[in-house]
Amino acid sequence: MGTATKVLDCSGLMCPMPVVKTAKAMKEMAIGDTLEMISTDPGSMPDMKAWANQTKHELLEAHENAGKFTFLIKKTH
Amino acid sequence: MANGTNKLALIASRGSLDWAYPPFILATAAAAMGWDVGIFFTFYGLPLLKKDLNAKVSALGNPAMPMKMPFGPQSFQNINWPMPNVLMAGIPGFEDVATSMMKKTFKNKGVASVKELRDMAIDLDVRLIGCQMTMDVFGFKKEDFIDQAEIGGAATFLEFASDANVSLFT
């Protein structure tokens, strides 16, 4: 990655903070911008998928590496 | 569903530290997904709207509550300490100890405080409705509550909840 418009590190935060902080960060971004969100909460994998489904923003990437979860989200509206 | 937006209507009826979490977690998560959210604070839930937020946890009536030590090696912290209700009922100040241990454990694990979640809910425009009847019964005044709290009765909540997709009693 490394191409995101903005990076948001939610490491160490538990539900619902990664989702809440992602939503807040997205509000301040422009349509077409991408946000890279990093978290350590295992619940953020299913939660970010649900969040993207609900908000209709595009979840471009979601993966885990050694307990770190990384998401790339595109602001669509 | 009002104009294509999902809507969550919650009732917060319990004010202990452990029970303060579910309504605020659900409310902030739903608001983060763009939902309209309202919480009706009634009976013991009403003090969660007080300026001076002071939720405590009691192990009394929570027989399954795992007590965790928030310090020491991980293996020690993972132990569930069985704390019989009868023991806790007899120890003065036990509730304060249990409360501070739970707060510490939550903080260690990265769980936001109830105050932080409430601030987040306000920031996300969650409607916070305090129950007028409970106010009168327990002798609370409007000035006891945060400015963002509106005061209403059952009808106020029901009108809000009437087109909610999800309604929960917590």
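A crossing of two helices is left-handed if the near helix is turned anticlockwise from the far one by less than a right angle, and right-handed if clockwise. This is a predicted model, in which local features need pLDDT of at least 70, side-chain atom pairs count only at pLDDT 80 or more, and totals for chains, interfaces and linings use all residues. Residues are numbered from 1 along each chain as its sequence is written, with chains lettered from A and ligands numbered from 1 in the order in which they are written.

**View 1. H1(A) passes H2(A) in a right-handed crossing.** Helices here are DSSP runs (H or I, at least four residues), as are strands (E, at least two), numbered from the N terminus. Residues 17-27 form H1(A) and residues 44-55 form H2(A); the two pack at about 35°, their axes 10 Å apart. Axes are lines fitted to C-alpha atoms over the stretch in contact, and angles run from 0 to 180 degrees between N-to-C directions.

**View 2. Here are the residues where H1(A) meets H2(A).** Pro18(A), Val19(A) and Thr22(A) come from H1(A), while H2(A) brings Ser44(A), Asp47(A), Met48(A) and Trp51(A). Contact means C-beta atoms, placed from the backbone, within 7 Å.

**View 3. Ala32(B) touches residues of chain A.** Its partners are Pro16(A), Val19(A), Val20(A), Ala23(A) and Trp51(A), along with Leu124(B), leaving out residues up to four places away in sequence.

**View 4. Chain B contains 7 helices and 5 strands.** From the N terminus, their order is β-α-β-α-α-α-α-β-α-β-α-β. The C-alpha atoms of chain B fill a box of roughly 50 × 35 × 25 Å along the principal axes.

Terms used
Contact = placed C-beta atoms within 7 Å.
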